[in-house]
Amino acid sequence: MSQNQAAWLQEKGTALKVGDAPMPTPGPDEMIVENRAIAINPLDWHMQDHGIFVKEWPAILGCDVAGQVYEVGANVTRFEKGDRVVGHTINLVTGKSQDAAFALFSVIPAAKAASLPDKISFVEGAVLPLALETAVTGLSLQKAGTGMMGIPTPALGLPYPPLEPEAQSKIIVVCYGGSSSVGSMATQLATAGGLNVVAIASSRNFELCRTCGASEVYDHADGSLVEKIVKTVRAQGGSFAGIFDAISIPSTYAHDLEILAKLGGGHLACTHPPPENVPDNVKAGMVFGVNDVADAVWETYVTPALESGKLRCLPQPSVVGKGLEYIQEALEKSKAGVSASKLVVEL
Ligand SMILES: NC(=O)c1ccc[n+]([C@@H]2O[C@H](COP(=O)([O-])OP(=O)(O)OC[C@H]3O[C@@H](n4cnc5c(N)ncnc54)[C@H](OP(=O)(O)O)[C@@H]3O)[C@@H](O)[C@H]2O)c1
């Protein structure tokens with residue numbers, strides 16, 4: 001019998017400490033993954049600092065795992081022991097420590113996992129899960145509705161990404177924060193869905209945004225940003241769906257609202273609570289990055305799209321170290337800020 005270990009958070013505002021952990025048990029629709037790489041999200045240090053979403057102490061944090069299937073629940077047919085997978089741990093919703101990433105073994109719902117092609121390393125694969133699910137939810141690649149925890153899915157109402165190339169749809173979406181983990185994934189998925197993405201990022205990261213599929217990229221520090229975006233959207237001649245704001249802070253909201261005002265309104269998908277007092281022609285909503293609208297993407301899109309190269313593991317991973325004890329350092333690096341990079345710890 002293997003021994004599990006985890007990076008434990010004893011109480012909010014303290015450093016993680018590595019120690020023994022119970023071996024998890026999967027429910028019928030879940031599986032245990034022996035983690036080989038985990039990725040860090042800003043949410044992790046928010047949870048560490050403030051104890052938000054934690055329902056059971058001591059707690060284990062983390063959303064993104066890549067590794068090998070160790071055990072499957074009774075109803076799981078898509079995976080078997082030994083499979084290489086990438087998956088989304090959802091302790092955010094369940095509140096259970098065993099459903100978190102910062103451990104040697106984690107439980108994930110089989111519906112939130114995909115096989116990892118051999119050509120893609122665990123380190124690369126680990127960059128995908130929360131960003132992918134947040135992007136799918138924010139783009140609402142299937143349909144608007146109510147996702148987990150009863151949180152409404154903001155409806156940019158965009159098409160599901162096809163595996164075969166399709167004609168450009170003439171729908172334009174602006175992605176604010178195109179070099180962020182969520183924004184680069186949103187750009188990739190929207191482009192795969194045939195949309196025309198206009199991205200906003202620092203000029204040093206324009207190339208990443210273009211690699212993800214953006215047709216045009218503008219610098220968020222450009223004093224003429226709003227005018228340039230509006231002019232570009234108008235010049236494209238398609239129908240403007242709205243803005244996916246992956247950053248969602250006051251300065252980005254100020255730009256968003258100016259752009260939306262000049263373009264006659266549209267959707268505003270936010271990664272944090274949306275701005276207050278939005279005009280009637282703006283439909284704003286906060287994305288919650290654990291949402292069953294993403295399950296079909298996990299089940300049918302991720303693996304073949306990774307195989308074909310249509311979906312890429314971006315932004316590039318940056319490995320902080322090997323072993324659970326490096327997670328605390330990785331959290332501190334994430335909190336200090338990253339640019340076009342995803343911090344990963346190998347296990
Ligand atoms: N609601 C949810 O379910 C959910 C899920 C996931 C993430 N989030 C939140 O979404 C946000 C993005 O997450 P992430 O993992 O994608 O972050 P990330 O990859 O760590 O974001 C880093 C990027 O942010 C950009 N950035 C930083 N300050 C900026 C500013 N003032 N204006 C424009 N861009 C700025 C940088 O772009 P440049 O270097 O190009 O300037 C950098 O590449 C975080 O706040 C996170 O907590 C929410």
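Reader: Where is the place of Ala340?

Author: Happy to start there: Ala340 sits in the loop between α10 (327-336) and β16 (342-346). Helices here are DSSP runs of H or I with at least four residues, strands are E runs of at least two, and both are numbered from the N terminus. This is a predicted model, in which local features need pLDDT of at least 70, side-chain atom pairs count only at pLDDT 80 or more, and totals for chains, interfaces and linings use all residues. Residues are numbered from 1 along each chain as its sequence is written, and side-chain values use heavy atoms, with hydrogens and water left out.

Reader: What is phi of Ala340?

Author: Phi of Ala340 is near 55°, a positive value in a residue other than glycine. Most residues other than glycine have a negative phi. Ser248, in the loop between β12 (239-245) and α8 (250-262), also has a positive phi, of about 55°.

Reader: Why is Ser248 called buried?

Author: Buried means under 20% relative accessible area (exposed is over 50%, partly exposed in between, with a 1.4 Å probe and protein chains only). Ser248 has 5%, so Ser248 is buried.

Reader: And why does Ser106 count as buried?

Author: Its relative accessibility is 0%, so Ser106 counts as buried too. Ser106 lies in strand β7 (residues 105-109), and its side chain reaches the backbone oxygen of Ala100 at 2.7 Å.

Reader: Why are α4 and α5 called oblique to each other?

Author: The axes of α4 (residues 129-139) and α5 (residues 181-192) come within 8 Å and cross at roughly 60°. Angles under 35 degrees count as roughly parallel, over 145 as roughly antiparallel, 65 to 115 as roughly perpendicular and the rest as oblique. The pair α4 and α5 is therefore oblique. Axes are lines fitted to C-alpha atoms, for helices over the stretch in contact, and angles run from 0 to 180 degrees between N-to-C directions.

Reader: What makes α4 and α9 roughly perpendicular?

Author: α4 and α9 (residues 295-308) pack at an angle of about 110°, with their axes 12 Å apart. That value belongs to the 65 to 115 range, so α4 and α9 are roughly perpendicular to each other. Pro129, Leu132, Glu133 and Val136 of α4 meet Val297, Trp298 and Val302 of α9, where contact means heavy atoms within 4.5 Å.

Reader: Which peptide bond near -5° in omega is cis?

Author: The bond from Trp57 to Pro58 is cis, with omega near -5°. Another cis peptide bond joins Leu314 and Pro315, with omega about 0°. Most peptide bonds are trans.

Definitions and conventions:
A polar contact is a pair of N or O atoms within 3.5 Å; within protein, one must be able to donate a hydrogen and the other to accept it, and residues adjacent in sequence count only if both atoms are side-chain atoms.
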